[in-house]
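Me: Could you take a close look at the pockets of this protein for me? I would like to know what lines them, and I'd be glad of a connected account.

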Amino acid sequence: MLGTLSGLLLVGCAGVTPASTQTTAESRIAAQVGVRPFYLVDDMAASELKRQLEQCSTGPFYRSNFVISHRGAPLQFPEHTKEGYLAGARMGAGTLECDVTFTKDKALVCRHSQCDLANTTDILLHSDIAMQCSQPFTPANSKTGAPAAAVCCTSDITLAQFKQLKGKMDGFNPKAQTAEEYVQGTPSWRTDLYAQTGTLMTLQDSIVLFKKLGVKQSPELKKPMVPMPFDGMTQQDYAQKLVDAYRVAGIPTQQLLPQSFNLDDLLYWLKQDPDFGKQAIFLDEGTNSPDFDPMQPRTWKWTMAELKRQGVTTIAPAMWMLVTLNDAKKIVPSRYAIEAKKAGLKIIAWSFERSGPLANGGGWYYQTISNAINHDGDMMVLLDVLAKQVGVSAIFADWPGTVTYYANCMGL
């Protein structure tokens, strides 16, 4: 009862039609978008888009397949935790994501990176388990200027030990002198208000929870941070292990959106299990080429046509790769986006609301349009361009309620 109540209080209930009053024939699931979308719309400069979004303020809002919950709801919840996933689903995400890596005993678990445990869990506060970290905690050195550091990988510990940990907000204190100080590093624009539980999830846990919630499932096969083969497990074994988990659980292929930054993973799935592979998303962050420029195809490692010929159906680049500014400093699709669409690839963007306040240009996720970004309401302008001009089929979001609001308003 307390968990349900806290979720309702956090996500909010403005403009929401209760589930009991939904139109049964349409089988729509009510969403609770909370107050943040309203804050962003209020912060927009006067425009036709703002007027249109304001007219949707009374809802109702429903779950949308346009919205993919990125790691749960990590703007305010510890990522890849049960609590974050529940928040993402309540805010209307039609798909939830589990980034998949493995433990020392090769169990598959949900973590963004194999070696991020020191920053995203309380592992350093478990002295017996922390002893096994690849790089145990070292305090900051005021004489040399070296920051505090620790590297703890899922592959350092067993599944049983993993289950003893608690998720926390991603961050660390570089000036820490103790492990207790190190874990107190949440960015100022996030919060620890909802980080008191932080239930970690195995892949199997996520499969069961997501099925119960009735959402699509998007596992990402994360790049191993240890040499492969690992204790006899090859990269292909690892990729197959992911497929097998869903096959054993009886999850229909149409309910799956597997992902990887590694093209070879997709090619393996396409060869070994074509139905699974055709659903797969090829992730791209522009680092496959040292001089990558989304406006210059000659700098891309692969052409869009080549990807299509190899069987790739969906490409998912970072948001900044899909947009640029025209001479009037208006946000428009990049050459990358145009070529992907021309090749017949579906496009999914990531990750909305991953940055802090946009007063200083928004950082990495907005790098190609920073000259046109100066306040938080500009997020909605970018979202509109991605949806209407780029034509993305879905967006990964760190706070799904915002994209749910937009998707419902625009009939997506």
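Reply: Happy to! Let's begin with the largest pocket, which has a volume of about 660 Å³ in this predicted model. Its lining is made up of 29 residues, and those closest to the centre are His-112, Glu-220, Lys-222, Phe-261 and Glu-285. Five strands each contribute two or more residues to this lining: S2 (93-102), S6 (216-221), S7 (259-260), S8 (281-284) and S12 (346-352). Sorted by class, the lining of the largest pocket holds 11 polar, 10 charged and 8 nonpolar residues.

Now for the second largest pocket, where you will find about 390 Å³ of space. Here 17 residues form the lining, with Lys-329, Lys-330, Ile-331, Asp-378 and Val-381 closest to the centre. At least two lining residues come from strand S11 (331-333), and at least two from helix H15 (378-390). H15 is the element that gives the most, with 5 residues. By class, this second lining has 10 nonpolar, 4 charged and 3 polar residues.

Cys-56 sits in the loop between helix H3 (48-54) and strand S1 (64-69), and Cys-409 belongs to helix H16 (residues 400-409), so the bond ties together parts that are 353 residues apart in sequence. Cys-56 is buried, at 17% relative accessible area, and Cys-409 is buried as well, at 13%.

How values were computed. Residues numbered from 1 in each chain as written. Predicted model: local features only at pLDDT ≥ 70, side-chain atom pairs only at ≥ 80, totals over all residues. Heavy atoms only, no water. 1 Å grid on protein atoms, 1.4 Å probe; cavity = no way out; pocket = protein on both sides within 12 Å on 5 of 7 lines; lining within 4 Å. Points joined across faces, edges and corners; volume = space filled by probe spheres on them. Helix = DSSP H or I, 4+ residues; strand = E, 2+ residues; numbered from the N terminus. Nonpolar A, V, L, I, M, F, W, Y, C, P; charged D, E, K, R; others polar. Buried < 20%, exposed > 50% of the residue type's maximum accessible area, 1.4 Å probe, protein only.
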